[in-house]
2 protein chains.
Amino acid sequence: LTDPVAAALRADLPRITQRLADYVRIPSVSTDPSFSDGIRAAQDYLIGWLGSAGFASARRLPSRGHAPIYAEWLAGPGTLTILVYGHYDVQPPDPLDKWVSPPFEPRIQDGRLYARGASDDKGPVVVAIETLAAFLRLEGRLPVNVKVLIEGEEEIGSIHLAETVRAHRDLLAADVVISADGARWRADLPTITVGARGMTGFEFVVTTAAKDLHSGRYGGIVPNALHVIAELITSVRRPDGRIAVVGFYDGIHDAPAAEREALAQLPFDEPQLFAALGTTPAGEPGFTTLERLFLRPTIEVNGLWGGYTGVGTKTVIPHEARAKLTARLVPGQEPQKVKAALMAHFESRCPPGARLTFIDTRGSTAAYVIPLTHPTVAVAERVIGEVANRPVLRVRMGATLPINQIFAEELGIDTVPFSFATADEDYHAPNEFFRLSALEEGTEAWTRLLRALANERVAAYQPFRRPIAS
Amino acid sequence: LTDPVAAALRADLPRITQRLADYVRIPSVSTDPSFSDGIRAAQDYLIGWLGSAGFASARRLPSRGHAPIYAEWLAGPGTLTILVYGHYDVQPPDPLDKWVSPPFEPRIQDGRLYARGASDDKGPVVVAIETLAAFLRLEGRLPVNVKVLIEGEEEIGSIHLAETVRAHRDLLAADVVISADGARWRADLPTITVGARGMTGFEFVVTTAAKDLHSGRYGGIVPNALHVIAELITSVRRPDGRIAVVGFYDGIHDAPAAEREALAQLPFDEPQLFAALGTTPAGEPGFTTLERLFLRPTIEVNGLWGGYTGVGTKTVIPHEARAKLTARLVPGQEPQKVKAALMAHFESRCPPGARLTFIDTRGSTAAYVIPLTHPTVAVAERVIGEVANRPVLRVRMGATLPINQIFAEELGIDTVPFSFATADEDYHAPNEFFRLSALEEGTEAWTRLLRALANERVAAYQPFRRPIAS
């Protein structure tokens with residue numbers, strides 16, 4: 001009793017694989033202006049693809065940044081309306097020399113397609129759009145009202161998405177967001193992600209003199225920007241690993257014992273994970289690895305540089321050093337307060353002779369938790385369980401989904417992650433890949449999800465409406 | 001009662017200026033193989049110049065690198081033998097766009113000759129050779145036995161000089177080295193430099209995982225190479241600024257009160273210096289700025305890098321971080337022991353989950369101090385004072401002079417700096433210049449020095465012989 005749409009999709013997997021291979025060739029890096037042609041090409045590609053799938057309305061939405069692509073197919077009132085979310089922008093491919101094959105030339109090996117963006121988020125978007133296209137091709141209609149929003153700034157903090165959504169509240173109005181972004185925790189375990197950490201961060205510059213100085217003529221008598229920045233970074237943590245920034249932990253509630261017990265019950269081969277990463281556990285004392293990841297905040301320096309970094313030696317005392325830093329936040333922490341607390345911490349530790357400059361490089365996002373009784377959570381959980389033929393575990397994720405916060409505040413609705421990427425697929429790193437098996441698994445799950453949502457009562461979603469920001 | 005040689009040199013200053021202008025046109029950059037024609041041209045130029053001055057013996061010495069030029073004029077036994085040192089190679093002219101006029105086209109303005117190498121070391125070598133040439137032209141002889149050694153690899157660490165000197169110990173045998181290299185401290189104060197700091201250093205790599213990891217997926221559960229390297233760098237100093245590396249200060253004797261008092265008496269406008277550098281004093285507690293610079297060692301990180309350093313943000317946990325580090329050493333410190341102590345310090349502080357790799361990027365040089373009772377120090381000091389008509393101050397320098405160590409070890413003799421370059425002449429930087437007044441001042445001083453050395457007793461130099469390395 002196979003679903004005809006799922007069967008057609010399975011038969012069509014070679015073409016869908018080719019679709020993904022074509023799509024990842026587009027170098028749509030959002031953070032670096034030198035890739036603006038790639039951004040434009042990805043927008044054009046999506047408009048053409050959605051148009052040929054039957055979304056006559058596919059177009060750019062006005063934006064001060066990289067324009068999101070919008071398309072809709074409306075069955076009419078009385079049926080649930082879903083907003084399908086994804087993003088077409090990708091991380092920078094650096095460091096290029098660590099890639100086995102060029103990042104924008106897809107390579108298929110051992111059932112995986114390697115390319116920048118394959119997992120984050122082009123593979124999952126191919127799954128979603130191709131499923132929608134199959135319904136329209138085979139049945140001439142979709143089971144529910146579908147609005148599609150594929151944005152171009154997810155990798156830079158969705159910095160203009162909130163204002164674009166706010167300007168199009170009526171257009172984007174829906175009962176729930178189904179997100180084709182946000183990787184599954186593990187390949188071996190069916191899960192549904194019900195919470196995500198938030199994020200804030202900035203770049204900062206330490207300046208200690210008017211120019212680099214010769215270490216013979218001035219060594220030992222002037223401050224060294226690299227020493228200062230190293231001290232500032234070190235001062236963020238106490239020796240035991242706890243964050244030393246005053247106010248950083250403000251607002252966090254201790255996790256209920258039941259939640260910590262449930263986490264402890266999750267099947268999790270910790271030694272295997274750390275062996276695979278080539279490292280050992282590290283972090284806040286008094287918490288297990290999964291507690292640290294799902295329930296506790298962290299501060300990570302993502303980049304640090306200054307002075308002579310070429311071949312050989314140059315005996316300079318660098319006068320300038322820079323660091324990029326992000327914090328991952330949990331429920332209760334207010335992102336702007338955390339950012340201000342971090343800046344105040346650095347200012348208070350900055351020694352005489354050094355100056356600090358902060359560069360606000362990205363927006364901030366609070367942590368997010370889906371109400372566990374939300375009807376779509378139950379539907380998604382059931383569908384994932386049917387496809388995997390195993391019980392589904394509820395987990396949180398350590399990563400950040402700014403869009404959940406944006407849709408909650410601007411549209412008053414929740415976001416249910418329904419991505420078939422997996423967290424080990426080296427997105428944000430060299431040799432990013434996507435499991436080709438997820439194309440089959442994902443299109444089957446999306447087919448079942450759309451059919452199941454057709455049976456949902458719209459009224460059941462009213463109690464979950466959130467207040468919309470004015 | 002003017003010295004006839006000095007008078008002739010003064011009358012000849014226009015031609016000597018032209019000599020310097022011709023010499024700096026030769027682009028004898030030693031570090032970059034694309035300048036090999038310039039290196040060869042400088043060698044030919046020196047051989048022709050020394051030959052026409054009366055040094056019939058001028059020639060290249062065999063070397064695995066850029067050959068040093070050697071010439072001699074021997075008066076005979078019973079007279080002091082001096083080895084005149086200088087170098088014909090120059091720093092690269094980069095960054096070219098910062099030069100007001102092309103680096104190898106001399107420009108004279110406001111009593112200064114601008115060109116790469118004008119100050120380091122072509123101006124001082126012109127002073128020395130033209131003085132020797134004037135003696136030979138006017139008097140047919142030199143006051144002492146003179147051996148001239150002008151090397152071609154000073155700017156790349158004199159990497160083959162030790163082996164060349166070792167292979168020519170008899171040829172180069174002398175009582176003292178008079179160096180036409182090593183700038184005077186200040187233009188406004190007659191000084192003699194009686195010591196220089198040594199140097200050692202290395203690059204090191206911190207590795208914390210097999211690859212960069214996503215800060216959402218792994219933030220807070222794994223070590224971060226940038227946090228580790230920041231902690232390692234910070235651990236080098238105690239909070240008060242003293243070096244925390246066990247064994248680092250071993251062998252250093254406290255400076256005698258008299259030396260510290262003499263330093264305190266030096267006219268030194270500290271606020272003016274730090275205002276010009278755009279910074280404030282920093283360093284080891286309990287010492288003044290000049291004590292820190294002349295008498296105390298330092299450790300400086302010259303370069304530091306890891307993670308994402310491009311435009312915008314990338315939320316990675318870097319798995320690798322690198323730093324380049326050099327220490328400036330004072331008498332008593334053994335470079336190899338200091339290097340080993342630093343490596344041991346880092347190893348002992350390296351946390352679980354992190355690995356350290358050391359890359360030995362450069363040779364080491366011990367600090368150097370001329371015995372203050374060395375007879376040539378007294379002669380040089382007197383001559384400089386006569387020319388300046390002011391008392392001469394003894395100073396050390398914070399920088400490093402590897403050649404002093406080489407001549408001490410290979411020939412068993414000391415090196416007395418007698419250069420008329422000045423430390424503010426932007427050598428190693430764009431718009432290098434040489435004060436033309438130093439041509440007059442320098443040739444008069446060299447004339448007086450050679451006359452005075454003729455009165456020295458050779459036997460008085462025997463007690464200062466150092467053991468020669470075997």
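In chain A, A134(A) lies in helix 4, which spans residues 118-139, where helices (H or I, at least four residues) and strands (E, at least two) are DSSP runs numbered from the N terminus. The model is predicted, so that local features need pLDDT of at least 70 and side-chain atom pairs count only at pLDDT 80 or more, while totals for chains, interfaces and linings use all residues. Residues are numbered from 1 along each chain as its sequence is written, chains are lettered from A and ligands numbered from 1 in the order in which they are written, and side-chain values use heavy atoms, with hydrogens and water left out.

The relative accessible area of A134(A) is 0%, and the residue is therefore buried, a term that means under 20% relative accessible area, against over 50% for exposed and partly exposed in between, with a 1.4 Å probe and protein chains only. Once residues up to four places away in sequence are set aside, A134(A) touches V5(A), L9(A) and E139(A), contact meaning heavy atoms within 4.5 Å. M343(A), by comparison, is 209 residues from A134(A) in sequence, and their C-alpha atoms are 51 Å apart in space.

In chain B, helix 4 (residues 118-139) holds T131(B), which is buried with a relative accessible area of 0%. Apart from neighbours within four places in sequence, T131(B) is in contact with L9(B), T443(B), W446(B), T447(B) and L450(B).

Turning to the whole of chain A, the chain has 15 helices and 18 strands. Its radius of gyration is 24 Å, close to the 23 Å that the globule rule gives for 470 residues, so chain A is as compact as a globular protein of that length; the radius is taken over C-alpha atoms, and the rule is 2.2 Å times the number of residues to the power 0.38. Along the principal axes, the C-alpha atoms of chain A fill a box of roughly 80 × 50 × 45 Å. Of the 470 residues in chain A, 61% are buried, and among contacts between residues at least 6 apart in sequence, 81% join residues at least 24 apart.

The two chains can finally be compared. Two copies of a chain are related by a rotation about an axis and a shift along it. The same surface serves both copies, since 83% of the contact residues of chain A recur in chain B.
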